[in-house]
Amino acid sequence: MNENFFTYRNLSGDYSAVENDIRLGTPTAAFGVSDELKYLLASLSRRQTLYVAADAVSAAKAHKSISVLSGKKCVRLPAKDEVILYKDALSKDALFNRLTAVHALQSGADIIVADVQALMQLVPARVESITFEVGGDYDYVALPSKLVGMGYSREYVPDSRGTFTVRGDILDIFPVNSDTPVRIDFFGDAVERIRPYDAASGERLEAVESVTVISAVEAPYETEEIVNIKRNIGKFENLRGFGGVPQGKNSFRRTYSKARIGRAVCGFRVRYAAVKVRTDGIRLP
């Protein structure tokens with residue numbers, strides 16, 4: 001956006017008064033403003049701004065318009081699907097998109113666009129991430145366990161978000177915050193090269209200097225926390241009628257079985273109750 005052209009002072013009416021109220025932190029209300037002018041007002045703000053839309057469609061429209069008008073880092077915070085266990089969900093895209101938005105927010109987004117439903121849902125206090133850089137040193141042997149703890153699934157081919165594979169000194173991973181998988185070449189513990197590639201054709205894309213991989217779950221846990229998970233979930237092993245329906249009980253038992261052998265458990269709601277880690281949400285500005 002051309003800051004010398006789009007300013008409060010260059011607009012007619014009471015826009016200069018609005019700017020002064022925002023600068024002083026004075027609560028201000030404006031009525032009868034069209035959607036287009038709302039987008040412009042949000043774009044002009046020099047502070048971190050939260051734009052609240054009525055629904056997801058309106059939020060998507062506002063996010064696109066504000067991004068173009070402002071030229072700032074504008075993030076849309078979507079709502080996640082309300083399911084008990086994401087491992088049983090048909091798609092985790094809603095969760096992945098929300099985690100990507102929360103990470104961008106924590107990394108310093110200028111404008112946040114969200115609908116009412118998205119704001120009513122808790123967000124993690126921190127989204128864990130790993131940034132791989134060419135020339136950087138990482139514990140390559142411990143990486144698979146670290147990624148599993150972050151909610152990633154080890155597969156033969158990482159053809160969907162949230163999966164990875166390790167072959168020799170090569171780590172292929174499909175970050176949940178990326179549209180393409182990435183191949184990271186190691187020499188021992190040092191990163192030699194990072195190259196995204198097309199998931200369908202395998203075509204190698206232009207090499208990059210760094211890539212950030214964020215957590216695929218809202219409440220990642222460390223290896224030492226598995227002992228507490230087993231102990232707390234074990235208290236409910238003989239619970240009858242969990243969830244009120246047989247399906248809920250079966251899902252819980254499958255989750256419990258995974259935890260017993262130390263496998264990743266993607267049912268973050270169960271982990272909230274069992275482990276009591278990082279359940280507090282952050283207050284949006």
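Visitor: Among the contacts in the protein with a separation of 6 or more, what percentage is accounted for by residues 24 or more positions apart?

Guide: In this predicted model, residues 24 or more positions apart account for 60% of those contacts. The secondary structure comes to nine helices and ten strands, and of the 285 residues, 39% count as buried.

Visitor: How many aromatic pairs are there, and how should I read one?

Guide: A pair of aromatic rings is described by the distance of the centres and the angle of the planes. The count here comes to four aromatic pairs. One of them joins tyrosine 39 and tyrosine 51, which are tilted, at 5.9 Å centre to centre and with 50° between the planes. Tyrosine 39 lies in helix α2 (residues 35-44) and tyrosine 51 in strand β1 (residues 49-53), so the pair ties together parts that are twelve residues apart in sequence.

Visitor: Where do tyrosine 140 and phenylalanine 186 lie?

Guide: These two form a tilted aromatic pair, with 4.6 Å centre to centre and 45° between the planes. Because tyrosine 140 lies in the loop between β4 (129-133) and α6 (143-149), while phenylalanine 186 lies in strand β8 (residues 182-187), the pair ties together parts that are 46 residues apart in sequence.

Visitor: Is phenylalanine 186 buried or exposed?

Guide: Phenylalanine 186 has 3% relative accessibility, so it counts as buried, and tyrosine 140, with a relative accessible area of 11%, is buried. Both residues belong to one aromatic cluster, which Phe132, Tyr138, Tyr140 and Phe186 form.

Visitor: Which residues make the nonpolar surface patch of about 360 Å²?

Guide: That patch is made by Val52, Val116, Leu119 and Met120. Valine 116, in helix α5 (residues 116-119), is partly exposed, with a relative accessible area of 38%.

Note on methods: Residues are numbered from 1 along each chain as its sequence is written. This is a predicted model: local features need pLDDT of at least 70, side-chain atom pairs count only at pLDDT 80 or more; totals for chains, interfaces and linings use all residues. Side-chain values use heavy atoms; hydrogens and water are left out. Patches are made of residues with over 30% relative accessible area and no salt bridge: like charges are joined within 9 Å, nonpolar side chains (Val, Leu, Ile, Met, Phe, Trp, Tyr) within 5 Å. Accessible areas come from the Shrake-Rupley method with a 1.4 Å probe; for residues, only the protein chains shown count as cover. A salt bridge is a side-chain nitrogen of Lys or Arg within 4 Å of a carboxyl oxygen of Asp or Glu. Helices (H or I, at least four residues) and strands (E, at least two) are DSSP runs, numbered from the N terminus. Buried means under 20% relative accessible area, exposed over 50%, partly exposed in between (1.4 Å probe, protein chains only). Contact means heavy atoms within 4.5 Å. Rings of Phe, Tyr and Trp (its six-membered ring) pair if their centres lie within 6.5 Å; planes under 30 degrees apart count as stacked, over 60 as edge-to-face and the rest as tilted.
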